[in-house]
Amino acid sequence: MRPMNQAAFQALLHEFARASGARRTSIRPGVGTCEYRGVSVAVYFDEATDRSHLHTYIDFGAVPPEQQQRVYGALLRDNFRLQRRRRCFVGVDQETGRVVLVARIALEPALDGDRLADILGELIRAGDAWHLPDPRTRPVRLPIGPSRHRRRPS
Amino acid sequence: MIDIDCRSAVPALDQLLKELREAMGLPRPPAASPHTNIVVDGVEVVLAAEPYADTGELQVCVDLGEIPEPKARHAYRAMLESNLLVGGLNVGVMTLHPDAQRGSLVLRLPLTPELRGDALADAVRHSVELSKSWRSFIERLPATRSPRLHHAAGHH
């Protein structure tokens, strides 16, 4: 496991920002947010609740009403695969209706800014199968994450 | 039945499942299998070991029953909202079976020495109760037509 504290976490996020070209980057103690590949991303680290993982929230935007049944079904079917193979899952924000992917990223020794950019890129590509509105045209909303929900992923 | 293809059994799993059967008063399975199916209060539960990190994980998959098409949109939305409100890999993720119109709640429990039969039995019982609550909730949902069909039928 990569040793992690708040200083190392912020250094990792600065590495990620340089490596990825993410936009609208904001790095604070415990959380970093950015716009990456057209979607909002929030990465959290809290050593008091989980020393072994980063917790990540990716906002894919809302689903048009006429597509909801198809897309919601696809999201739930993908959850069966995602939770098993990628250790993540997807849900819908009760207040906003926006699709949010929740992932926990293991703090492996090899995790650096480049690797984090690759992992987040793979997670964002998971959303391609849902055929949501083009990420380049849907509005980005920051921040997202556990402050908007009752509990953190476990 | 929810069938999980898993051929990577963890050595500690046999002992854990033996303890689980004893804690829940379940009969012995008919044959060795990469996954174990049990029925608790009429709800099917599939347990399967999977390698992860150093210890492996136990995947617990609890059937939520069939989701009728006319109730699908409301049920799907409620399940997805639940994932963000109370879900998590260790406490349960709402999913749909890839090949069927059946919901399932999937938990991933680390296969550590601390995970014993009693604790697993508690987790299974809790998940089965949750499954029954979801079945009841879905049964009470109103049937709706999809917006596309609604529009085609001349309603605005």
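How many helices and strands does the secondary structure of chain B come to? The count for chain B is 4 helices and 5 strands. Helices here are DSSP runs of H or I with at least four residues, strands are runs of E with at least two, and both are numbered from the N terminus.

Some housekeeping. This is a predicted model, in which local features need pLDDT of at least 70 and side-chain atom pairs count only at pLDDT 80 or more, while totals for chains, interfaces and linings use all residues. Residues are numbered from 1 along each chain as its sequence is written, and chains are lettered from A and ligands numbered from 1 in the order in which they are written.

Now the confidence scores. The model has an ipTM of 0.85 and a pTM of 0.84. For single residues we have pLDDT, the predictor's confidence in each residue, from 0 to 100. Chain A averages 86, and 86% of its residues score at least 70. Residues 147-154 of chain A have a pLDDT below 50, and this stretch makes 18 contacts in the model beyond near neighbours in sequence. By contact I mean two residues whose C-beta atoms, placed from the backbone, lie within 7 Å.

Chain B averages a pLDDT of 81, with 78% of the residues at 70 or above. Two stretches of chain B stay under 50. Residues 1-9 are one of them, with 24 contacts beyond four places in sequence. Residues 148-156 also stay under 50, and there the model has 3 such contacts. Among the elements of chain B, the lowest mean pLDDT is that of α4(B), at 46, and the highest is that of β4(B), at 96.

Next, the chains one at a time. Chain A has 3 helices and 6 strands, in the order α-β-β-β-β-α-β-β-α along the sequence. It has 154 residues, and 41% of them count as buried. Buried means that 20 or more other C-beta atoms lie within 10 Å of the residue's own, exposed means 12 or fewer, and partly exposed is in between, with C-beta atoms placed from the backbone. Of the contacts in chain A with a separation of 6 or more, 62% are between residues 24 or more positions apart.

Chain B reads α-β-β-β-α-β-β-α-α. Of its 156 residues, 34% are buried. For contacts in chain B between residues at least 6 apart in sequence, 67% join residues at least 24 apart.

B:P68 counts as partly exposed because it has 13 C-beta neighbours inside 10 Å. Its C-alpha atom is separated by 11 Å from that of B:P142, 74 residues away along the chain.

On to helix packing. Two packed helices are described by the angle between their axes and the distance between the axes. Axes are lines fitted to C-alpha atoms, for helices over the stretch in contact, and angles run from 0 to 180 degrees between N-to-C directions.

Within chain A, helix α1 (residues 6-20) and helix α3 (residues 113-126) cross at roughly 70 degrees, and their axes come within 7 Å. These two helices are therefore roughly perpendicular; the classes are roughly parallel under 35 degrees, roughly antiparallel over 145, roughly perpendicular from 65 to 115, and oblique for the rest. The residues in this contact include A:L12 and A:F16 of α1(A) and A:L116 of α3(A). By type, the contact of α1(A) with α3(A) has 5 nonpolar, 2 polar and 3 charged residues. Here Ala, Val, Leu, Ile, Met, Phe, Trp, Tyr, Cys and Pro are nonpolar, Asp, Glu, Lys and Arg are charged, and the others, Gly among them, are polar.

Last, the interface. How many residues of chain B are in contact with chain A? There are 28, and they meet 27 residues of chain A. On the chain B side, α2, β4 (93-96), β5 (102-110) and α4 (147-152) each supply at least two residues. The largest share, 10 residues, comes from α2(B). That side of chain B divides into 15 nonpolar, 8 polar and 5 charged residues.

Helix α2 (residues 72-85) of chain B packs with helix α2 (residues 68-85) of chain A at an angle of about 45 degrees, with the axes 9 Å apart. That makes α2(A) oblique to α2(B). Residues in this contact include A:Y72 and A:L76 of α2(A), and B:Y76 and B:L80 of α2(B). The contact of α2(A) with α2(B) has 7 nonpolar, 3 polar and 2 charged residues.
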